[in-house]
Amino acid sequence: MRASALLVSKTLSMVAGELRAGISTLMIDKLIHQFICDHKAVPSFLNYHGYPFSSCISVNDVVVHGFPGPKELIEGDIISVDIGVIFNGWHGDHAYTFAIGDPGE
């Protein structure tokens, strides 16, 4: 379970390095999917009860479990990224909230 949780943390660290104004939440999901698969794990959200994405990405006033899409992030957005993986038969799941630039008050 620890290894699975650590992979989620590594994935969120990768996401942190990719976040910027102009990137879409769908592109972020694709990066997440590829990173998880490259590490010989399975995105646990993908196909869960038909869910079509590898992550849940919520922007600004979307409280939780937002769907990735074509909307591009802009300066000041607040984005929550929720990721789950199955690695060696164990599930790990974390979410982290990031700011794109300065979100202001």
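Before you click on anything, one term: buried means under 20% relative accessible area, exposed means over 50%, and partly exposed is in between (1.4 Å probe, protein chains only). You're looking at a predicted model, where local features need pLDDT of at least 70, side-chain atom pairs count only at pLDDT 80 or more, and totals for chains, interfaces and linings use all residues. Residues are numbered from 1 along each chain as its sequence is written, and side-chain values use heavy atoms, with hydrogens and water left out.

**Stop 1: the cysteines**

Select Cys37 and show its side chain. Cys37 is partly exposed, at 30% relative accessible area. A disulfide needs a pair of cysteine sulfur atoms within 2.5 Å, and a search of the whole structure finds zero of them.

**Stop 2: the strands**

Next, colour by secondary structure. Helices (H or I, at least four residues) and strands (E, at least two) are DSSP runs, numbered from the N terminus; two strands pair if DSSP finds at least two bridges between them.

Select strand E3, residues 78-87, and go through its partners:

- Strand E1 (residues 42-43) runs antiparallel to E3, joined by two bridges. Click Pro43 and you'll find Val85 of E3 opposite.
- Strand E2 (residues 55-59) is antiparallel to E3 too, with five bridges.
- Strand E4 (residues 90-99) pairs with E3 in the antiparallel sense over 10 bridges. Gly84 stands opposite Asp93 in E4.

Now zoom in on the hairpin of E3 and E4, which has two residues between the strands. Asn88 in this hairpin takes a positive phi near 55 degrees.

**Stop 3: the core**

A nonpolar core is a set of buried Ala, Val, Leu, Ile, Met, Phe, Trp, Tyr and Cys residues joined through side-chain atoms within 4.5 Å. Which residues have the most contacts inside the largest one? Select Ile28, Ile79 and Val81; the core has 21 residues. Helix H1 (2-18), helix H2 (25-38), E2 and E3 are the elements that give two or more residues to this core. H1 gives the most, with five.

Stay on Val81 and show what surrounds it. Contact means heavy atoms within 4.5 Å. Leaving aside neighbours within four places in sequence, Val81 touches residues including Leu12, Val15, Ile32, Cys56 and Phe98.

**Stop 4: the aromatic rings**

Last stop: select Tyr51, Phe53 and Phe67, which form one aromatic cluster. Rings of Phe, Tyr and Trp (its six-membered ring) pair if their centres lie within 6.5 Å; planes under 30 degrees apart count as stacked, over 60 as edge-to-face and the rest as tilted. The whole structure has four aromatic pairs. One of them is Tyr51 with Phe53, edge-to-face at 5.5 Å centre to centre and 70 degrees between the planes. Both of these residues are buried.

Then look at Phe53 with Phe67: their ring centres are 5.8 Å apart and their planes at 70 degrees, so this pair is edge-to-face. Phe53 lies in the loop between E1 and E2 and Phe67 in the loop between E2 and E3, so the pair ties together parts that are 14 residues apart in sequence. Phe53 is buried at 14% relative accessibility, whereas Phe67 is exposed at 55%.
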